[in-house]
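Student: Please take a close look at one part of this model for me. I would like to hear about the nonpolar core and what surrounds it.

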Amino acid sequence: MKLRANLVIGGSLFALAIIVGLLAPWLAHTDPVMDANLMNAEEPPSWTWWFGTDGQGRDIYSRVLYGARVSLTVGIVSQLINSVIGVALGLSAGYFGGWWDDVVNALTNLMLAIPSLIFALAIMAVLGPGLTSLLIALGLTNWSFTCRLARASALSLRNQGYVQAATVLGYGDLRIMVTQLLPNMLGPIVVIGTLGMGSAVLSEAALSFLGLGVRPPFPSWGSMLSEARDQITTAPWLSLFPGLAIFLTVLGLNLLGDGLRDILDPHSRSRRT
Amino acid sequence: MTGVPLIEVENLRIDLDDGSRRVAAAEGVSFRISRGETFGLVGESGCGKSITALALIGLLRSPLSIGGGVIRFEGREIQRLSAAGQRELRGNRIAMIFQEPMTALNPVSPVGRQIAEMFVLHKGKSWREANQLAVESLASVRVPAPERRVNDYPHQLSGGMRQRVMIAIALACGPDLLIADEPTTALDVTVQAEIIELMRNLCAERGTAILMISHDLGLVANVCRRVAVMYAGRIVEERGSADIFRAPSHPYTQGLVDSLPRLGSRAALGRVRLKEIAGVVPAITGFPDGCRFNPRCAQATDICRTAAPETDLLEAGGFVRCHHHA
């Protein structure tokens, strides 16, 4: 059994990020919020301070570990919301067609026409900053690509012989959509989903950077970057490590998406066994 | 329910709506199939045989629609049934197998699951029972090592095996009618014979009626007791299948029978060119007036070009739609 390199590397990076987030209380050297000590302010990376310290003397290493929790929660949960909305709308629109398809199409075009970050900003402005509103804002604004993909797949799949066969064999609409269409479009949907998780992590960083995400002093990778931008020339480690964490997580998710596409295809699955 | 035919089609008309006007893709189609009977519908591509089958299970989709006539299943009008009522018939009482066993199975689902789903859907079985029944179904269509094969995906099976799986799915719920639309066209000739044999035996055992649709007159006559020949949307002749070979009445049927190569004909008749039917099938939008076969018919006279022939009952049983039938 030959595993693909992108699956292994991507999966490992993503798993590492999750483990780091889960085990943050045990792996961290100090409390990410409380252990501020101006005596240690802006220490460069060293054996004591692995990733250095920030202007308040907080350990960057510990803050990056805790920051993983926010970034990954936002990435995974908001993308799940997006995928569910996108698949539900796109799949039903492609399958049923008619006026419902027109409605969904109009809605998708609307979403594509408004820059999603601006839309998320508007939602955040109404809901106020915080993790929950961040999840809602990002979960409601990035489903249009999934929707388009699901609709296009449903359009082509609904004319497949096995879908017509299922109709002939007495399957109801819902059963056809769930058992015939969904499994056959899952590969690309999952790939888009992992890519979307990556961009949700980036959006969280952007919104936190703008001060709309998780409220300081609690760390998220985005808010850490935001706070670090003034010292990027004097204390580059402040932005380097959270930036690296974002980069590796997004890279991992993209590689994972590629790898998943390969194993979700039953043709390649049987070749390996 | 003796006396009531299993399925009865009366004067069925199927409309094709091309946006600006409606044309009849099939009209005046009438036939009956009794319980356990085998009935064949033969014709060239585009003559309306497949859409007739789709109409039977209530599955005509735009731009096609039923423009008139009645279809009764056990005396109940199919068009009057609710969507749920029609769905209850499909797969459970009326099943269908298709030409392309390659595409008629869901590629991402193991075949056993696809058979089992029928028991869950129509018989209310639990998945555990259904999976057991799926193994039995697969054994009944003579797939070797069924308990292992249930876990296979369609692409791991050969074309013949896939068609066996399709038959297992179609017959899973013990339907009263099996519609077989060109069931073996995509298969090798040897496999074709096996599949036809299997389908015929299973249906005979269970008393399932067969409506077989094919362009292959020989194959249909081999399987079916009665055969209807369709041309340009109309049934032109309906006979017992032995009669249709021995004494075809309609000039079109004659043409079909004459164009079949026969084993031993060269020894008996010497080297002769295989006959063909001159001309091509008219387009659906430009059916000729009168008898639709008249432009290709050697026996056509003036009346054939003006008046559409009515059905004439034949003494030996069956009917023909021709002004000059033999």
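Tutor: Start with the largest nonpolar core of this predicted model. The core holds 154 residues. Within that set, Ile210(B) and Leu211(B) touch the most other members. By element, the top contributor is in chain A: helix α3, residues 60–96, gives the most to this core, with 13 residues.

Take Leu211(B) and leave out residues up to four places away in sequence. What does Leu211(B) touch then? The partners are Ile33(B), Phe39(B), Leu41(B), Ala53(B), Leu177(B) and Ile179(B).

Now turn to Ile7(B). Ile7(B) sits in strand β1 of chain B, which spans residues 7–17. Is Ile7(B) buried or exposed? Ile7(B) counts as buried, because 26 C-beta neighbours lie inside 10 Å; the cut-off for buried is 20 or more. Phe31(B) is 24 residues from Ile7(B) in sequence, yet their C-alpha atoms are 8.3 Å apart in space.

Next, chain A. Chain A has 12 helices and 0 strands. Read along the sequence, its pattern is α-α-α-α-α-α-α-α-α-α-α-α. The C-alpha atoms fill a box of roughly 75 × 50 × 30 Å along the principal axes. Of the 273 residues of chain A, 45% count as buried. Consider contacts in chain A between residues at least 6 apart in sequence: 70% of them join residues at least 24 apart.

Go back to α3(A), the helix that gives the most to the core. How does α3(A) pack against helix α9 of chain A, residues 173–209? The angle is about 145°, and the axes are 8 Å apart. The crossing of α3(A) past α9(A) is right-handed. The contact of these two helices has 13 nonpolar, 9 polar and 1 charged residues.

Helix α9(A) also meets helix α8 of chain A, residues 161–168. Here the axes come within 10 Å and cross at roughly 155°. Angles over 145 degrees count as roughly antiparallel, so α8(A) and α9(A) are roughly antiparallel to each other. This crossing, too, is right-handed. Which residues make the contact? From α8(A) come Tyr162(A), Val163(A), Ala166(A) and Thr167(A). From α9(A) come Ile176(A), Gln180(A) and Leu181(A). By class, the contact of α8(A) with α9(A) has 5 nonpolar, 2 polar and no charged residues.

Last, the contact between the chains. Chain B puts in 26 residues and chain A 17 residues. On the side of chain B that touches chain A, α2 (83–89), β6 (94–97) and α3 (111–123) each supply at least two residues. Helix α3(B) gives the most to that side, with 4 residues. By class, this side of chain B has 13 nonpolar, 8 polar and 5 charged residues.

Notes:
Residues numbered from 1 in each chain as written. Chains lettered and ligands numbered in written order. Predicted model: local features only at pLDDT ≥ 70, side-chain atom pairs only at ≥ 80, totals over all residues. Contact = placed C-beta atoms within 7 Å. Nonpolar A, V, L, I, M, F, W, Y, C, P; charged D, E, K, R; others polar. Core = buried A, V, L, I, M, F, W, Y, C linked by C-beta atoms within 7 Å. Buried ≥ 20, exposed ≤ 12 C-beta atoms within 10 Å, placed from the backbone. Axes fitted to C-alpha atoms, helices over the stretch in contact; angles between N-to-C directions. Left-handed = near helix turned anticlockwise from the far one by under 90°. Parallel < 35°, antiparallel > 145°, perpendicular 65-115°, else oblique.
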